[in-house]
Amino acid sequence: NKEILLKNRPDGKPSISDFEIREIDEPQLNDGEILIEAQYISVDPYLRGRMKDQKSYIEPFKLDEPMSSALVVKVTQSKNDSFSEGDFLMGNLPWKKIQTSNGENLRKVDANQAPLSAYLGILGMTGLTAYFGLTDIGEPKEGETIVVSGAAGAVGSVVGQIAKIKGLKTVGIAGSDEKVQMLKEKFGYDEAVNYKTTQDMAKAINEGAPNGVDVYFDNVGGEVSDGVLANINHFARVINCGAISLYNETEMPTGPRVEPILVKNSAKMQGFIVRNYQDQFQDGIKQLATWLQEDKLKFEETIVEGFENTPQAFIDLFDGKNKGKMVVKTS
Ligand code: NDP
């Protein structure tokens with residue numbers, strides 16, 4: 001059995017030496033418990049925030065203790081009446097290959113309804129983030145233009161497709177020509193921009209969105225966003241979902257000041273965390289599953305094989321090595 005611990009708090013970009021993989025004994029199963037084996041592990045940008053020793057909406061990881069995230073697990077033994085051997089469950093769990101649980105906060109997932117990894121992406125946290133962020137904060141209206149940053153990632157690829165369902169013109173921003181092509185061909189983006197080869201983001205967005213930007217779904221922050229914000233329309237809605245370009249900064253860079261842009265355009269900028277919508281998760285999953293069934297939504301995954309490769313898969317998020325949702329298949 002193995003577990004993955006946080007060894008150091010990274011200074012800047014995380015590296016492999018910030019983690020430790022440790023051999024541990026297989027746990028003893030007590031009455032009321034289940035023995036569970038990890039199948040898929042979600043690696044997510046927000047985990048970077050939890051590696052810092054700072055107050056946030058979620059507790060920081062402790063040094064020399066296991067990292068944790070959303071896992072899909074298989075019940076291999078049960079001494080709990082609510083669960084049977086062979087059940088697949090998901091929930092927030094420590095990065096251990098085999099562990100016990102009393103089953104609290106774990107929910108069953110159906111391997112026949114969707115691939116198990118999908119419960120960590122399109123039918124999990126990132127799908128819900130796209131759905132609630134866009135539909136609730138973005139207030140999308142038919143005929144409007146939306147720009148999405150981080151558009152080829154887990155959240156961004158879903159945002160663009162939901163926006164299309166709602167009748168918007170979609171402009172995606174991503175970090176390679178291959179991703180730009182995928183945005184257009186797989187996710188139906190009308191226009192796509194490679195921010196890594198674009199000198200002048202404001203100009204590129206102006207060309208992609210000649211009628212201006214009504215909704216900006218921001219996953220990355222920083223200079224990319226400066227270029228988009230220069231193009232917002234009257235009554236634009238800016239959704240601050242994430243700011244991955246800033247997560248590894250040791251000193252926060254300052255950019256153009258946004259206040260006059262927001263005032264001038266009567267624009268709204270709002271951050272959120274998906275947990276705010278916890279009470280509505282079942283509705284959100286139902287809608288996403290329906291769209292999937294109707295083939296109105298497609299999803300992409302980058303699946304890394306091997307429990308031991310979980311830290312590297314996480315680090316690779318910051319180099320854009322994933323298309324769609326990054327997940328680790330443990331065996
Ligand atoms: P992604 O699947 O989008 O993976 C991260 C992607 O970010 C990479 O593939 C890379 O794509 C891009 N990226 C990395 N570094 C930079 C950079 N310096 N500048 C611009 N882009 C960069 O991850 P998620 O979909 O899981 O998350 C996307 C965002 O949404 C994150 O900021 C995350 O924190 C946030 N989030 C927020 C939630 C909430 O509740 N508010 C919930 C879930 C996610 P590329 O090749 O295009 O550079």
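Modeller: Happy to. The end C-alpha atoms of residues 14-328 lie 18 Å apart, and this span is 25% helix and 25% strand. Helices (H or I, at least four residues) and strands (E, at least two) are DSSP runs, numbered from the N terminus. Please keep in mind that this is a predicted model: local features need pLDDT of at least 70, side-chain atom pairs count only at pLDDT 80 or more, and totals for chains, interfaces and linings use all residues. Residues are numbered from 1 along each chain as its sequence is written.

Colleague: Which annotation covers residues 14-328?

Modeller: An unreviewed UniProt entry annotates them as "domain: Enoyl reductase (ER)". UniProt positions are given in the numbering used here, feature names are shortened, and annotations may be inferred rather than shown by experiment.

Colleague: How is the chain divided into domains?

Modeller: Domain bounds come from an automatic or database domain assignment. Here, domain 1 is 2-121 + 300-329 and domain 2 is 125-275. Their C-alpha centres lie 29 Å apart. Across the boundary, 16 residues of domain 1 are in contact with 18 residues of domain 2, where contact puts the C-beta atoms, placed from the backbone, within 7 Å. The side of domain 1 that touches domain 2 has four nonpolar, six polar and six charged residues. For these classes, Ala, Val, Leu, Ile, Met, Phe, Trp, Tyr, Cys and Pro count as nonpolar, Asp, Glu, Lys and Arg as charged, and the others, Gly among them, as polar.

Colleague: How many residues surround the ligand, and which are the closest?

Modeller: A residue counts as near a molecule if its C-beta atom, placed from the backbone, lies within 6 Å of it. There are 32 residues around the ligand, and the closest are Gly-153, Ala-154, Gly-175, Gly-242 and Gly-320. By class, this shell has 18 nonpolar, 12 polar and two charged residues. Domain 1 and domain 2 each provide at least three residues of the shell, and helices α2 (125-137) and α3 (154-165) each supply at least two.

Colleague: Now the strands. What order do they have in the open sheet of six?

Modeller: Two strands pair if DSSP finds at least two bridges between them. The order is β10-β9-β8-β11-β12-β13, with parallel pairing. At the edges are β10 (191-194) and β13 (268-271), each of which pairs on one side only. Neighbouring strands are turned by 15° against each other on average, direction ignored. Axes here are lines fitted to C-alpha atoms, for helices over the stretch in contact, and angles run from 0 to 180 degrees between N-to-C directions. As one example of pairing, four bridges join β12 (residues 232-240) to β13, with Ile-239 partnered by Gln-270 of β13.

Colleague: Which strands of the sheet does α2 touch?

Modeller: Helix α2 packs on the sheet against β11 (213-218), β12 and β13, and its direction makes about 150° with that of β12. Helix α5 (residues 201-208) lies across β8 (145-148), β9 (169-174), β10 and β11, running at about 165° to β10.

Colleague: And in which sense do β3 and β4 pair?

Modeller: In a regular strand, side chains alternate between the two faces of the sheet. Strands β3 (residues 34-42) and β4 (residues 68-78) are antiparallel, with seven bridges, and Ile-36 has Val-75 of β4 as its bridge partner. Strand β4 also runs antiparallel to β5 (residues 88-94), joined by seven bridges; there, Ala-70 stands opposite Asn-92 and Lys-74 is partnered by Phe-88.

Key: Contact = placed C-beta atoms within 7 Å.
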